[in-house]
Amino acid sequence: MTDHHAQEGLSGRNFSRRTMLTSAAMGAVAPVVAPAVVGTAAPAATAKPRGKSSGGALRRITMYAEELPGGLIGYGLTPGGATVPGPILEIWEGDTLDIELINNTDRQLSIHPHGVDYSVDSDGSPMNDSFNRPGERRFYTWRTRAPYQAKGGTWMPGNAGYWHYHDHAMGTPHGTEGLRKGLYGALIVRREGDVLPDRQYTVVFNDMTINNKMAPHAPMFEARLGERVEFIAIGHGDQFHTFHIHAHRWVDNRTGMLSGPDDPTPSIDNKDLNPGSSYGFQLIAGEGVGPGAWMYHCHVQFHSDQGMAGIFLVRNEDGSMPPGAQEAIDRYRGHGNDH
């Protein structure tokens, strides 16, 4: 048995669901660890850049894997605080994130990331003996870096992007049961100068569900007119999907926003979301179209018909409900019924 699998008590550091990642570097500015489902206010509009000489910060968090009602299992930042999806984990490119994962279930599980660098000890897979047995805690380390020149002068990409994390050990060596039960969440690696949103939402198309729910119970995401909203879209399961949102569009690049008026990147409002893929984008709520109850859904037709549809509610600037929005929501709640 390795040191990582040593049995320990299940007490750990407590973090609020909306907290700054602990920094080991003086003066480093940390993005937030945000809830996955509800909208939340982010820091100032533009990410404050760290000094180039800082070398990145070491950030530490504790996460808990716990059983939830309805047979679900989720990740959380506090005991009793697990959600589906799990919290949004967000760091700057160049930072290192240490995660202490405490398994408060009677099943083996892990946490496996996409898009970041890690050793085999932090792979989060049974193949590398990198997982938590029931009741155990284990440490996982994820590293990031900016674009760099490899041996021979070839330029390599950095880690900035919209990624995700998930179980890779429950049910099968690939975590198939864990994914179906809700062990997944969003991971964002920011680049210096990236614009931070007012609200963030994780949207996971998991088999035929959205965040393990279906219409008329799929999550309703809310914003006020003019707010900057960030969506992190993730695909899991065995189905091909596309993500479409009504009356809003984004740019098909790393951030979803144009770099200037002459940026030729195409604008889209529908994009493939295959199992294991992820992307993110920002939009301005109601820009050019106004407030209202706007639908988002999978554009594979029988998927949307069977319940892969939800609402993006854009309220008035003062937070009040726009005309007709409640009626639209009421009609949505009859999803699947004849009208």
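## Basis

The model is predicted: local features need pLDDT of at least 70, side-chain atom pairs count only at pLDDT 80 or more, and totals for chains, interfaces and linings use all residues. Residues are numbered from 1 along each chain as its sequence is written, and side-chain values use heavy atoms, with hydrogens and water left out.

## Largest pocket

The largest pocket has a volume of about 290 Å³. A pocket here is an open set of points on a 1 Å grid over the protein atoms alone, where a 1.4 Å probe fits, with protein on both sides within 12 Å along at least five of seven lines; lining residues have an atom within 4 Å of a point. The volume is the space filled by probe spheres set on the points, which are joined across faces, edges and corners.

The lining holds 14 residues, and Arg249, Trp250, Leu283, Ile284 and Glu287 lie nearest the centre. Strand 19 (250-251) and strand 22 (278-284) each supply at least two lining residues; strands are DSSP runs of E, at least two residues long, numbered from the N terminus. Strand 22 gives the largest share, three residues. By class, the lining has seven nonpolar, five polar and two charged residues (nonpolar: Ala, Val, Leu, Ile, Met, Phe, Trp, Tyr, Cys and Pro; charged: Asp, Glu, Lys and Arg; polar: the others, Gly among them).

An open sheet has four strands in the order 6-13-12-8, with mixed pairing (two strands pair if DSSP finds at least two bridges between them). Strand 6 (89-92) and strand 8 (112-113) are at the edges with a single partner strand each, so one side of each has no neighbour in the sheet.

Strand 8 pairs with strand 12 (residues 161-166) in the antiparallel sense, over two bridges. Histidine 112 is opposite histidine 166 of strand 12.

## Glycine 135

Glycine 135 lies in the loop between strand 8 and strand 9 (137-143). Its relative accessibility is 21%, so glycine 135 counts as partly exposed (buried is under 20% relative accessible area, exposed over 50%, partly exposed in between, with a 1.4 Å probe and protein chains only). Isoleucine 102 is 33 residues away in sequence, with a C-alpha to C-alpha distance of 7.2 Å.

## Hairpin of strands 4 and 5

Strand 4 (residues 58-67) and strand 5 run antiparallel and are joined by four bridges. Glutamate 66 stands opposite glycine 74 in strand 5. Five residues lie between the strands of this hairpin, where glycine 70 takes a positive phi near 80 degrees.

In a regular strand, side chains alternate between the two sheet faces. Strand 5 (residues 73-76) is covered on both faces, with Ile73 and Tyr75 buried on one side and Gly74 and Gly76 buried on the other.
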